[in-house]
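I opened this entry to look up the charged pairs first, then the contact between the chains, and last one helix packing.

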Number of protein chains: 2
Amino acid sequence: MELTNTSVLNALRHVDDPDIKKDLVTLNMIQDIEIEGNKLSFTVMLTTPACPLKEVIKNDCLKAIEEHIGSDVEVDILMSSHVTTTRDNTPLLPGVKNIIAVASGKGGVGKSTVTANLAVALARQGAKVGIIDADIFGPSMPTMFNCEHEQPGIRKEGEKNLIIPIEQYGIKLISIGFLTPAENAVVWRGPMASSALKQFIGDTEWGELDYLFIDLPPGTSDIHLTLVQTVPVTGVVLVTTPQKVALADAQKGLNMFMQQQINVPILGVVENMAYFTPEELPDNKYHIFGKDGGKKLAQKHDVPFLGEIPLVQGIREGGDIGYPAIMQEGPTSDAFMQVAEATAQRVAIRNAEKAETKKVELKV
Amino acid sequence: MELTNTSVLNALRHVDDPDIKKDLVTLNMIQDIEIEGNKLSFTVMLTTPACPLKEVIKNDCLKAIEEHIGSDVEVDILMSSHVTTTRDNTPLLPGVKNIIAVASGKGGVGKSTVTANLAVALARQGAKVGIIDADIFGPSMPTMFNCEHEQPGIRKEGEKNLIIPIEQYGIKLISIGFLTPAENAVVWRGPMASSALKQFIGDTEWGELDYLFIDLPPGTSDIHLTLVQTVPVTGVVLVTTPQKVALADAQKGLNMFMQQQINVPILGVVENMAYFTPEELPDNKYHIFGKDGGKKLAQKHDVPFLGEIPLVQGIREGGDIGYPAIMQEGPTSDAFMQVAEATAQRVAIRNAEKAETKKVELKV
Ligand SMILES: Nc1ncnc2c1ncn2[C@@H]1O[C@H](COP(=O)(O)OP(=O)(O)OP(=O)(O)O)[C@@H](O)[C@H]1O
Ligand SMILES: Nc1ncnc2c1ncn2[C@@H]1O[C@H](COP(=O)(O)OP(=O)(O)OP(=O)(O)O)[C@@H](O)[C@H]1O
Ligand SMILES: [Mg+2]
Ligand SMILES: [Mg+2]
């Protein structure tokens, strides 16, 4: 077969994106085809910078060219990415492609830890990432990103004062912790907390972002309601630990987002603190908090399981010193990277399959 | 010295309650003196059924009788207890002597676990104990007391419907978990949650209790404000784990209760999940969540340290199966018992030293 633009596209129509289950040409993922003699180069524009199937797709492309055009073509494929979105023409957060809520129901299961590590993981893969710390009463982001003493700038835009997020490790961050003294309790009733969240969404200069993570507090109350009523959320990452009392609350969290009036897609479940392995006994797994609870919850509700993270002192230390564990190479960062890849993948699939989430109109 | 009512009382005036630092006679703790020949018997009425100094006080009494009356007296001392209170003539919860809030700021540090175990510990020592599960969005008491499927009865009293608490292991319990299906999320804004708490306080048949524990949710918002505005709280048990991100929130919790307008006494700090020891390495302590953070927090704020509880799989399992760890003999239940004793002791000291907590008049 002759090597032309058309023959290349026809060949690549035989390659499917394994997640979205449509071919790369239909998905508009083949770009910049260049042909010179028997030399071919093109770009595969993936839907996530952290695509776990990058190599699979590349190999499938090579095979398709060989099979449908010929084995004498010299092929050079550039794997790049362009994060997809369903958020078009939205007045709030217009430059933000995906809003990912990290939730649980239960307290202390690692929502903030997972948020911090996923955000850094995706930023390191080249994505533009931000975090809203929506935990007004127990903000963790300033500590987890070692920027407790930072103060966000303010930029006047017409009548409006825009908050400029703090930047750390390539992530844009906003937290009530930057605006109030660390030791003081914020003793507010719900409406005050909700209006702080609204400011973080509407009056903050987020610019262009591929992923904006929302680190939610425990529970299913004012902050959660205000979030889904203010802005269409792309999807939810549900964090749980394996034990029954945590699963009971995680279940409530799931049900909140899945209920018909709210209907925010669940990207998947992360099982945190899955087991502890002492350095001296590398083959032992102590299931202090139980076993497989998160996996079973995902199965029960037929939502994806994004992976498990063991209980590791380094993860806690990373949180305390403000240097997320993902930034140190080793099995722990591998575990977080897998969850980050799975999350980005689920966002891409969700964007390919589902329409934009609707902002919730609830009378509460 | 002749053995008479008066000589006995005079002798016992030399014995101080080591906590309250006043003598037993002044404190009205000597009762039922009986004399027959050289036989003397009396009752020491302690201020807590779980008094860790029981033996010390008993020995001090024996020594005082010997020293001030003579060594030929045959003494029989009955150690009993009568929990003290500063709550007199209160319209709400009139039969409840002490209201103990278990709080943290941070989620998942073990507030509910500590509540359950302290309550059972004190009940086993003979105290009358109740628990209000004030975590409306993540109630844990039904699971932790293995009574998830119980439904409280209702008793009509005049116009009012009184909720009858569930009883388990000798503890009276109320929780939103008894009133709503377990899987459903309670998606309420603050005022609804607050009115549930008010019902648990005002419309529930608590009867006579020595200690009513309030298991608080994380944060410092509606439920916390409603509690201190509805009823004068005897004191707060602050639970924290040792790491920085938990201490930051625990600190906020402390500050909330200590702030001048609220001013609820802090009974002390409990450090939970202090370290993990694998069965195979009984001499190793893994400080997964850090070391001594709770102790240091107590020192910094000059409040009592009530003790530390290690990270033990059996504690988690006890929570999941609804059989609090304190009910199984061993080092774990010893640790909880110590914290329970220290807490009861602090309540007695607080009642001896301080006037009743004022209900908070705050405009929030
Ligand atoms: N896999 C892990 N291994 C070790 N420590 C962990 C792990 N995950 C979280 N932690 C630690 O556990 C504590 C609780 O985690 P984190 O603060 O992220 O939970 P959370 O769900 O955000 O809590 P909250 O409900 O209070 O917001 C933190 O100190 C964190 O560093
Ligand atoms: N010392 C301990 N050792 C092992 N597991 C523990 C210990 N203390 C608490 N746990 C477990 O940790 C989990 C969190 O504890 P718990 O639910 O009591 O915390 P909490 O502060 O009440 O959480 P929330 O903020 O969600 O109300 C539970 O599964 C509990 O069984
Ligand atoms: Mg958090
Ligand atoms: Mg709890």
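Salt bridges. I began with the count over all chains, which comes to 20 salt bridges by the rule applied here, and I note at the outset that this is a predicted model. For the interface of chain B and chain A, the rule finds 6 salt bridges.

Polar contacts and the elements behind them. Across the interface of chain B and chain A I noted 34 residue pairs in polar contact, with both residues at pLDDT 80 or more. On the side of chain B that touches chain A, at least two residues each come from helix H4 (141-144), helix H5 (190-202), helix H6 (222-230), H7 and helix H9 (313-321) of chain B. H7(B) gives the most to that side, with 7 residues. By class, I find that the residues of the side of chain B that touches chain A divide into 22 nonpolar, 22 polar and 12 charged.

Extent of the interface. I recorded 56 residues of chain B in contact with 56 residues of chain A. The area buried between the two chains is about 4700 Å², and carbon and sulfur atoms give 54% of it. Arg189(B), Lys252(B) and Ile288(B) supply 16% of the area that chain B buries against chain A, which is more than any other three residues supply.

Helix packing. On the H7(B) side the residues in contact are Leu247(B), Ala250(B), Gln251(B), Leu254(B), Asn255(B) and Met258(B), which meet Gly293(B), Gly294(B), Leu297(B), Lys300(B) and His301(B) in H8(B). I sorted the residues of this contact into 5 nonpolar, 5 polar and 1 charged.

Technical notes. Residues numbered from 1 in each chain as written. Chains lettered and ligands numbered in written order. Predicted model: local features only at pLDDT ≥ 70, side-chain atom pairs only at ≥ 80, totals over all residues. Heavy atoms only, no water. Contact = heavy atoms within 4.5 Å. Helix = DSSP H or I, 4+ residues; strand = E, 2+ residues; numbered from the N terminus. Nonpolar A, V, L, I, M, F, W, Y, C, P; charged D, E, K, R; others polar. Buried area = accessible area lost by both parts, 1.4 Å probe. Salt bridge = Lys/Arg side-chain N within 4 Å of Asp/Glu carboxyl O. Polar contact = N/O pair within 3.5 Å; in protein donor to acceptor, adjacent residues only side chain to side chain.
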